[in-house]
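Please look over the structure below. The report then walks through selected side-chain contacts and surfaces.

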Amino acid sequence: MKNNCRPQVSVILPAYNAEDYLEEAIQSILDQTFEDFELIIINDKSTDSTGIILSSLTDPRIIIINNPTNNGITYSLNKAIEAAQGVYIARMDADDISTPKRLELQVNYLDNNPTITLLGCCAEIIDQNGVVFDLMEVPLSHKEIIQKIFSANCFIHPAVMFRASAIKELGCYNIDIAQAQDYDLWLRIIQKHRAANLPQNLIQYRVHPSQISQKKIKRQRFFADKARFGAMRLYQGKQHGFIPAIAKNSLLDRLIGKDLSVGSDYLEWITIYRKMGRDDLAMELLLPTFIAAPLSTQLYQQIIITFKKSKLINSMRWYKQKLISFIHKR
């Protein structure tokens, strides 16, 4: 960063009890090929060693703000945006990893495409040990995004970069939305501005059992639906010349676990956990999925998979015991 000059990018990173992955996340930003940035870290009154980790940082590009009380991620994000001096603001989470060229590629794209306000990218999905087990793809062009965004979040929150001036004009994140605050902001952005995603995997998005998105699935679905229905009415009223489709589920749709329902959200997490090789975590979601979508055929397929795997495990244990007994007898 040039001395006494406004940085090109402000990276904002909220942290709450983030000791497990925080250092790796911060280092991935400090190792960027693009160096004209400030890194604003909001410590949201953590009770673990997050504060100790932050107090040991010496890089002059890092700005640490300590919340006197725990106020949640939406409050922390807005506080970071208020403090940001950059032309662009990049999001980052305390458990993810940015690839070295992430900021460089996103800055270059925004510099060369002045009509784009919001820019995201694709991602690799990693487990708690940093092992890649899946990819996360998103629609790339503004047209593709508009076609899908009223039925699905088209951006990976910690992977986006946006123009600071436009976000501040919109009032930043909605403090009244506890979950899906990112989705709400994207839906407000596309009312006035254009958006895009880069095809490269520029972050590694970590999935682990303690994530908010899985613990508060019901509330997240409620706020996401509220945001998309309201945004759709505004978008249609402005006569953009394109009327995208939007799905609204009936009671039967919810009971069968159709897309955009709580049951569907649970099933998505079950699929993710299966890919991670964490059948134990997938099994924990079977009961709440049954309560949300008791008529889902996909749920019963997952139950059958669980039964077969547990039966196989029990058989392996039986053979192991027999083998041990046979060896001892000899």
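The sections below cover salt bridges, aromatic pairs, a helix face, a surface patch and one glycine.

## Model

This is a predicted model. Residue numbers start from 1 along each chain.

## Salt bridges

The count comes to 10 salt bridges. Side chains of opposite charge can pair when their charged atoms come close.

Take helix H9 (residues 217-237) to begin with. Arg-228 and Asp-225 both lie in this helix, three residues apart, about one turn. Their salt bridge has its closest N and O atoms 2.8 Å apart. Arg-228 is buried because its relative accessibility is 1%, below the 20% cut-off. Asp-225 has a relative accessible area of 16%, so Asp-225 is buried too.

Asp-184 counts as buried at 9% relative accessibility. Arg-188, at 23%, counts as partly exposed.

Asp-279 and Arg-274 also meet through their side chains, at 3.1 Å from N to O. Asp-279 is partly exposed, with a relative accessible area of 22%. Arg-274 counts as buried at 16% relative accessibility. Elsewhere, salt bridges that share partners join Arg-221, Asp-225, Arg-228 and Asp-265 into one network. The Arg-228 to Asp-225 bridge described above links two members of that network.

## Aromatic pairs

The structure holds four aromatic pairs. One of them is formed by Phe-162 and Trp-186. Their ring centres are 6.4 Å apart, with 55° between the planes, and the pair is tilted. Phe-162 lies in strand E8 (residues 161-163) and Trp-186 in helix H7 (residues 181-189), so the pair ties together parts that are 24 residues apart in sequence. Both Phe-162 and Trp-186 are buried. Together with Phe-155, they form one aromatic cluster.

Trp-269 counts as buried at 10% relative accessibility. Tyr-273 is buried as well, at 1%.

## A buried face on H4

Which residues of helix H4 (residues 102-112) are buried? They are Arg-102, Leu-103, Gln-106, Val-107 and Leu-110. These residues cover an arc of only 110° around the axis, so they lie on the same side of H4. An α-helix has 3.6 residues a turn, so residues three or four places apart point the same way.

## A nonpolar surface patch

Leu-287, Phe-290, Ile-291, Tyr-300 and Ile-303 make a nonpolar surface patch of about 480 Å². Helix H13 (286-292) and helix H14 (297-329) each supply at least two of its residues. H13 gives the most, with three. Leu-287 lies in H13. At 56% relative accessibility, Leu-287 counts as exposed because the cut-off is over 50%.

## Gly-51

Gly-51 is in helix H2 (residues 50-55). At 29% relative accessibility, Gly-51 counts as partly exposed. Gly-51 and Ile-64 are 13 residues apart in sequence, with 9.7 Å between their C-alpha atoms.

Definitions and conventions. Predicted model: local features only at pLDDT ≥ 70, side-chain atom pairs only at ≥ 80, totals over all residues. Heavy atoms only, no water. Helix = DSSP H or I, 4+ residues; strand = E, 2+ residues; numbered from the N terminus. Buried < 20%, exposed > 50% of the residue type's maximum accessible area, 1.4 Å probe, protein only. Arc of directions from axis to C-beta. Patch = residues over 30% accessible without salt bridge, like charges linked within 9 Å, V, L, I, M, F, W, Y side chains within 5 Å. Areas by Shrake-Rupley, 256 points an atom, 1.4 Å probe, with all protein chains shown as cover. Salt bridge = Lys/Arg side-chain N within 4 Å of Asp/Glu carboxyl O. Phe/Tyr/Trp six-rings, centres within 6.5 Å; stacked < 30°, edge-to-face > 60°.
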